[in-house]
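Q: Can you walk me through reading packing and backbone features from a set of atoms?

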Amino acid sequence: MTRLLDARVPLPGLVWGAYPERRDPPRVRWPWGRARYGRQVDAVRAALVVWQALDEPAFAARLRAVQTRIGRDGLAVGRVVEALAAAVEAARRSLGLKAYDTQIRAALIMLDNRLAEMATGEGKTLAAALAAAVGALAGTPVHVLTANDYLVERDAVNLAPLFALLGLRVGFVTGPMDEAQRRIAYNASICYVTAREVVFDYLRDGLRRGFTRSDLQRRVAALREADAKQSLLRGLCMAIVDEADSLLIDEAMMPLILSRQVRDSAGRAFFWQAWFLATSLLAEQDFRIDDTGLRVELTAVGRLALGEKAAVLGGRWRSVRLREEVVNMALAAAHVYRRDVHYLVRDGVVEIVDEVTGRAAPGRVWSRGLHTLVELKEGLRPSPGTETLAQITYQRFFPRYHRLGGMSGTLKEARGELREVYGLDVVCVSLRKASSRKALACRIYGSKHALWDAVAGRLAECRAAGRPVLVGTSSVAESESLSARLVAAGIPHTVLNARCDVDEAAIVARAGEAGQVTVATNMAGRGTDIPLAAGVADAGGLHVMCCQINASRRIDRQLEGRCARQGDPGSVETWICLETPRVAGLPLSGMLARWCARDAALRLLISPVGLRVMLALHQWRQARRERRARRGLLLADREWERGLSFGGPGE
């Protein structure tokens with residue numbers, strides 16, 4: 001009975017409503033409920049023999065019959081096998097791509113409402129397309145969610161011949177599109193879109209209908225409107241999520257706020273006053289800085305000084321709690337948030353840099369006035385004030401899809417949280433070819449200057465051997481600091497960070513050439529393939545140097561996955577220093593600086609195994625803190641949503 005329920009296909013209509021979305025929590029999926037994917041792969045291969053023997057008219061006729069059956073019976077095992085075999089053959093005929101067993105297995109996992117951990121370079125793009133094609137053949141609108149606008153448009157355009165051969169229409173949504181273009185794209189059988197865009201379009205739809213809960217209320221509201229088709233989406237029926245851990249875990253708590261500009265001259269004057277007061281306070285005497293927590297705390301002396309300075313201002317400054325909170329925020333903007341690390345200034349606009357992806361996030365702003373204070377720090381004209389119309393987080397949005405599957409190269413570390421929050425089980429897909437990646441010893445240096453000197457020496461060695469190198473750094477500032485050192489050393493290289501995101505595809509395409517050096521942030525960690533040029537594999541393949549400590553081991557593995565793909569050779573090593581972000585905050589960093597011996601290159605003589613264990617323990621603790629924070633926020637959101645259940649889904 002459970003398998004029959006799982007086979008149901010949600011689509012707009014009388015049964016599922018005009019705007020299908022899940023209202024109850026998703027059912028938890030456990031490992032013992034998995035289908036026998038190995039047998040299903042064999043069945044797809046057997047059915048594929050029949051499809052390959054068909055000419056074009058016979059292929060089209062058989063496809064129509066399969067589409068009728070899967071539309072009637074839903075995503076039952078037998079129907080999925082038939083449709084997936086058709087999609088695999090369509091990929092071969094239209095794109096010249098022969099799907100591997102691992103890709104077919106990943107597609108089956110995603111169609112079973114689960115997450116597939118599939119190593120980087122194993123062909124996740126085609127696997128997602130096969131799963132989306134089967135869902136669309138069943139008649140359900142499918143959203144394929146990927147990392148950025150470039151990948152959205154690239155995948156939709158490149159895969160269009162595959163979907164066209166199956167009689168399906170594909171669309172894509174990017175940031176610059178207007179509502180009419182978005183509505184056309186969402187009406188396609190399959191729509192490629194970023195998670196950010198689909199969430200904001202969902203909030204706009206909710207705002208139009210007043211966040212009404214029942215389908216009857218929505219239909220009545222539509223009758224009152226001149227345009228009954230005003231909704232952008234056709235509901236939340238089915239989604240295939242690429243880089244699922246980034247969205248479902250790393251960005252789970254990020255508030256996505258739909259707002260409008262308002263004129264608030266009094267509010268802007270208030271923040272001017274806060275900035276003036278903050279600049280008059282003295283470090284250590286009036287406030288203390290906590291770089292690790294990105295916050296500042298006033299001392300007792302500072303509170304007294306602030307009270308005296310604010311007394312003459314009157315108004316809102318009479319509130320002790322409010323003035324201390326705002327001045328703390330102004331001090332954080334001045335002393336904690338750093339240009340080219342936490343944000344960029346481009347064309348007179350402050351753009352936040354996403355810590356996980358390393359990309360700039362135009363349009364995203366810090367809340368509660370922090371963004372205005374950073375603009376004042378940079379001498380920019382403060383942007384207009386905003387009024388919140390609706391908001392949601394990813395961990396509240398994604399469970400509203402009736403069918404949800406996805407994939408990533410790094411999921412197993414978070415499988416418990418993914419099951420608890422989203423009801424999603426993680427299934428690991430084995431490598432098509434055995435990995436040839438070599439992990440070299442971890443090193444730590446006493447200063448950043450010593451680290452960059454050592455890195456420059458290593459890069460010169462690799463270039464002499466004809467090997468390309470990808471160097472991972474933690475921020476725009478770090479990447480440019482290393483770039484300056486390489487320029488001084490006469491080492492040709494390319495920089496890939498949030499400043500040059502427009503040229504990302506071209507930079508990545510050259511990163512596998514012999515002797516090429518690419519200095520990058522986490523931008524090069526997701527959604528990119530680095531093809532090796534001729535002769536590079538014989539020289540040892542791509543070498544990855546990680547000069548950063550990420551918040552979780554999953555992000556480390558994403559960077560490591562740039563090399564040694566599909567059986568190619570490659571190597572990876574981690575070189576850091578005591579001044580590397582996050583290393584400086586380690587409890588043992590002071591002891592290492594004080595007691596560890598150093599060689600002539602200022603390298604600390606500590607066991608590589610001991611260093612790796614210390615860093616892994618730090619990452620584990622950090623991941624546990626963040627997991628608790630996400631759980632606390634989710635529980636608070638759910639309680640708030642229950643308390644305001646009369647208002648709809650709770651935006």
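The dialogue below goes from rings and charges to cores, contacts, cavities and backbone angles.

Q: What kind of model is this, and how are residues numbered?
A: This is a predicted model, where local features need pLDDT of at least 70, side-chain atom pairs count only at pLDDT 80 or more, and totals for chains, interfaces and linings use all residues. Numbering runs from 1 along each chain as its sequence is written, and side-chain values use heavy atoms, with hydrogens and water left out.

Q: How many aromatic pairs does a search of the whole structure find?
A: Start with the rule. Rings of Phe, Tyr and Trp (its six-membered ring) pair if their centres lie within 6.5 Å; planes under 30 degrees apart are stacked, over 60 edge-to-face, and the rest tilted. The search finds 14 aromatic pairs. Take Tyr337 and Trp366: the ring centres are 5.1 Å apart and the planes meet at 65 degrees, so this pair is edge-to-face.

Q: Which parts of the chain does the pair of Tyr337 and Trp366 link?
A: Elements first: helices (H or I, at least four residues) and strands (E, at least two) are DSSP runs, numbered from the N terminus. Tyr337 is in the loop between helix H14 (320-335) and strand E9 (343-346). Trp366 is in the loop between strand E11 (360-361) and helix H15 (370-377). The two residues are 29 residues apart, and the pair links distant parts of the chain.

Q: Are Tyr337 and Trp366 buried or exposed?
A: Burial is a matter of relative accessible area: buried is under 20%, exposed over 50%, partly exposed in between (1.4 Å probe, protein chains only). Both Tyr337 and Trp366 are buried.

Q: What is the geometry of the aromatic pair Tyr394 and Phe398?
A: Tilted, with 5.6 Å centre to centre and 40 degrees between the planes. Tyr394 has a relative accessible area of 2%, so it is buried. Phe398 is at 0%, so it is buried as well.

Q: Which Arg residues lie over the face of a ring?
A: The test uses NZ of Lys or CZ of Arg: within 6 Å of the ring centre and within 35 degrees of the ring normal. Arg62 lies over the face of Trp51, 5.1 Å from the ring centre. Arg316 lies over the face of Phe270, at 4.3 Å.

Q: Which residues touch the most other members of the largest nonpolar core?
A: A nonpolar core is a set of buried Ala, Val, Leu, Ile, Met, Phe, Trp, Tyr and Cys residues joined through side-chain atoms within 4.5 Å. The largest core has 62 residues, and Phe163, Leu166, Ile190 and Tyr192 touch the most other members. Helix H6 (residues 124-137) gives the largest share, 11 residues. A second, separate core of 42 residues includes Tyr19, Leu232, Tyr394 and Phe397.

Q: What does Val427 touch?
A: Contact means heavy atoms within 4.5 Å. Not counting residues up to four places away in sequence, Val427 touches Arg34, Tyr37, Ile109, Arg114, Leu115, Ala116 and Glu117. Val427 lies in strand E14 (residues 426-428). Its relative accessible area is 4%, so Val427 is buried.

Q: Where is Thr102, and what is in contact with it?
A: Thr102 is in helix H5 (residues 101-111). At 10% relative accessibility, Thr102 is buried. Leaving aside neighbours within four places in sequence, its contacts are Met118, Glu122, Val429, Ser430, Leu431 and Arg432.

Q: How many cavities of 30 Å³ or more are found?
A: On a 1 Å grid over the protein atoms alone, a cavity is a set of points where a 1.4 Å probe fits but cannot get out; lining residues have an atom within 4 Å of a point. Points are joined across faces, edges and corners, and the volume is the space filled by probe spheres set on them. Two cavities are found.

Q: What is the phi of Ala564?
A: Most residues other than glycine have a negative phi. Ala564 has a positive phi, near 55 degrees. Ala564 sits in the loop between helix H22 (553-560) and strand E21 (569-577).

Key. 1 Å grid on protein atoms, 1.4 Å probe; cavity = no way out; pocket = protein on both sides within 12 Å on 5 of 7 lines; lining within 4 Å.
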